[in-house]
Amino acid sequence: QVQQNVERLFTRFVEEGKATVRLREPAVDLCLSKANVTNLKTFLSAVRLAHQGNDAGVLPLSPLVPAKNSDVEKPKTKMIITSRRDYPLTKSFPFSLEHLQTSYCKLARIDARVLCLRRLRKLDLSHNHIKQLPATLGDLACLQELDLHDNHLEAFSGALCASGLQKSLQFLDLSQNQIQALPLEFCQLRALVRLRLDDNALLRLPCRIGQLSRLRFLSAARNKLPFLPSDFRRLSLENLDLFGNPFEQPNPLAPNIQLKIPSTLLECAARATVNHRIPYGCHLLPSHLCQDLEVAKTCRCGGACLSSFIQITVTMSLHHVAHAVVLVDNMGGTDAPVLCYFCSLGCYSQFLDRHLQSN
């Protein structure tokens with residue numbers, strides 16, 4: 001079908017017997033090369049007329065000669081570029097690409113032409129100079145693997161986490177960048193199976209990381225993590241690597257007390273909302289209250305607390321959350337400090353009694 005279906009004709013090199021016809025549906029490029037110049041011009045003229053809806057009887061078409069198999073190129077699905085010299089500057093990427101690697105090309109940003117490749121399943125932009133990710137990267141709805149390792153990234157935006165990548169992205173490599181923190185929305189990427197965060201400047205992991213229920217491989221070695229979030233206990237991993245982080249020595253006897261007595265009305269309402277699973281949203285509550293409720297802390301008793309709590313760090317064996325664990329330090333340890341919260345002095349006292357008895 002040609003009528004009203006031609007998005008663009010590329011005729012810059014028609015005198016060399018080359019041209020490209022870009023169709024809308026299906027979204028493919030018909031690439032012509034080694035053609036007779038006169039016949040090619042006639043063909044392109046016919047395509048233009050057909051696109052405009054002219055009757056087939058008036059089109060300047062000559063009898064077609066069947067093409068040989070050797071003359072027909074299959075749609076290109078994979079392209080690997082590993083040097084700046086080979087990077088295409090004047091021609092488009094094939095729309096049919098499913099795997100694209102552009103490494104060691106000194107890219108300072110993601111090429112806008114790449115963001116139009118809606119069939120991409122694997123995108124490797126490693127070993128470049130990329131500092132920021134465009135929100136339109138989330139429009140690549142089929143993207144399953146994204147490799148951004150060894151770039152200059154300082155953040156991974158919440159907009160990307162709230163995009164179509166939520167359902168498609170299974171592998172993400174952000175290692176060897178300059179990221180200090182990941183947004184709360186990061187835990188909406190619930191299709192993630194493999195996540196690499198090595199060699200960044202991470203000061204913390206997302207507080208709701210336990211929502212990544214499909215995650216099986218996590219590597220966050222050589223960061224600046226002092227402890228793990230309490231939600232880390234909910235993970236079920238096959239392989240975990242946290243080597244080289246400056247984990248603090250847990251001390252349950254030195255609590256960080258943030259209790260507000262008596263509790264504020266906001267605290268009481270927030271706890272009731274979370275504990276009784278009362279529906280809420282931005283159409284019912286101000287957006288900042290919704291964000292607070294999303295990061296409500298869970299006490300050892302199972303109850304919720306918002307801004308009134310007692311916080312300590314306790315030791316957790318990483319084998320509780322992962323089958324295979326890389327040693328945390330050179331001393332052979334596989335334990336790490338994890339945050340623990342209490343909603344009241346009573347809950348903290350009960351924990352403290354059990355802790356002192358066990359020691």
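Reply: Two strands pair if DSSP finds at least two bridges between them. Strands (E, at least two residues) and helices (H or I, at least four) are DSSP runs, numbered from the N terminus. This is a predicted model, where local features need pLDDT of at least 70, side-chain atom pairs count only at pLDDT 80 or more, and totals for chains, interfaces and linings use all residues. Residues are numbered from 1 along each chain as its sequence is written, and side-chain values use heavy atoms, without hydrogens or water.

Me: What is the strand order in the open sheet of three strands?

Reply: The order is β12-β15-β17, with antiparallel pairing. β12 (256-257) and β17 (335-342) are the edges; each has a single partner strand, so one side of each lacks a neighbour in the sheet. Two bridges join β12 to β15 (residues 310-317). I257 has I310 in β15 as its bridge partner.

Me: Which helix packs on that sheet?

Reply: Contact means heavy atoms within 4.5 Å. Axes are lines fitted to C-alpha atoms, for helices over the stretch in contact; angles run from 0 to 180 degrees between N-to-C directions. Here helix α6 (residues 345-358) touches β15 and β17. The direction of α6 makes about 30 degrees with that of β15.
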